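Please open the model in your viewer and keep the selection panel at hand. The stops below are given in the order in which they may be selected.

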Amino acid sequence: MHELAVCQEMLSLVSRIAAERGATRIDRIVVIIGPLSGVEIPLLQRAFSVARAGTPAANAALEPEICGVRVRCRKCGATSGASVSNLTCGRCGNWRVDVQQGDEMLLKTVELSGMADGAGQQAVATQSPTVH
Amino acid sequence: MCETCGCTITPGNKHLVSATGTLRHTADGKATVDVLTGLLHENNHQAAHNRDHFDRHDVLAINLMSSPGSGKTSLLEATIRAISPGLRIAVIEGDLETENDAERIRAEGVPAVQITTGQACHLDAHMVHDALHELKLDDLDILFIENVGNLVCPASFDLGHHVNVALLSVTEGDDKPAKYPVLFRTADLVLLSKCDLLDVLDDFDPTAAVQHVRSLGNGADVLPLSARRADTLRPWLTWLESTLAAMRAGEKLRPRMQTASLALHGTEATA
């Protein structure tokens, strides 16, 4: 049940983003979770309902976007869908593939409120990049 | 920073990445911040810090993962006895409770730090960092981090190590990699442990185990061995020595999953 640990890290991250933007409330958190990330979405939701208490996200909705698994074959070049336990090329069966999609564990967007007038626009101008 | 944060931006989602992140306003005065960063940002940041420590001290850090009871500690005991005496080793032991495993390692004359996680099912980069305070990295060549016995949770947490080694004992079934794909996909090396028992087991096929690892798109070496038979350890010891030598020769060692991530980021940076 490492989803609770994932949730706690996520809450720490979104709380920091809210503070940097001058917001007091987090209303909505959108995450992208791939099947290869090792995170189970129902467990993440359950952990979130517990972990969010006492944070700016106490009343926030957590919305996971699920993506499928796709691999690109190094031999034949085909891109195909794959399953978590079988990542071989869907066309030629080769196992030498690169995962193109499916291992995401990303924070996509955070919806904030409780900001002072104009604070948001000011934050855009002064915020350093947060993409890593 | 992408190089070490271990985030998972792929060609499938990188069109979502904006160089600066953006903030939009909705009609009701709410603001939406587009972020797209790894959910484990803080852990990954700490892991990068740990890895930097290991790199600067030229210490090879190995994350040892398996299910409980597959023989991680026994393998470490046997490895300490068999490895070249010139190599200086230390072990960080992760368990929910007890100092038992660290005491077993100390009995072999090697420094060991026990992390007891309470109810936590995995080690994270912060726990490893705290444990590092009890070790003198200048006096080490190889640091083994024995993760909590668990084939699920440890796969998601970067510790700052250089390589992932997964143990699969032959009593567990050769299809374990298919059942726990997320973890076995991360392995840079798979060890089939307790191979002395193959003589009495008719339901474990090492070739099938290799095939299951390959089905995860993983070309890692799969080495059979037994902690009870020193003669079976040679390929594993050679792997350790050559991996350490590669690192000392200047090769920048990273877990295979991070190398893949870095390759994608490199593409991203020049786009």
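Select Asn94(A), which is partly exposed because 16 other C-beta atoms lie within 10 Å; a residue is buried at 20 or more such atoms, exposed at 12 or fewer, and partly exposed in between, with C-beta atoms placed from the backbone. The model is predicted: local features need pLDDT of at least 70 and side-chain atom pairs pLDDT 80 or more, while totals for chains, interfaces and linings use all residues. Residues are numbered from 1 along each chain as its sequence is written, and chains are lettered from A and ligands numbered from 1 in the order in which they are written.

Asn94(A) sits in the loop between β4 (79-82) and β5 (97-101) of chain A; strands are DSSP runs of E of at least two residues, and helices are runs of H or I of at least four, numbered from the N terminus. Leaving aside residues up to four places away in sequence, Asn94(A) touches Cys73(A), Lys75(A), Cys76(A), Thr88(A) and Cys89(A), a contact being two backbone-placed C-beta atoms within 7 Å.

Next, select α1 (residues 3-20) of chain A and α2 (residues 41-56) of chain B, which pack at about 95° with axes 8 Å apart. α1(A) and α2(B) are therefore roughly perpendicular, the class for angles of 65 to 115 degrees. Show Glu9(A), Ser12(A) and Leu13(A) from α1(A), with His41(B), Glu42(B) and Asn43(B) from α2(B), as these make the contact.

Finally, select chain B: its secondary structure comprises 10 helices and nine strands, and buried residues make up 52% of its 271 residues.

Conventions:
Axes fitted to C-alpha atoms, helices over the stretch in contact; angles between N-to-C directions. Parallel < 35°, antiparallel > 145°, perpendicular 65-115°, else oblique.
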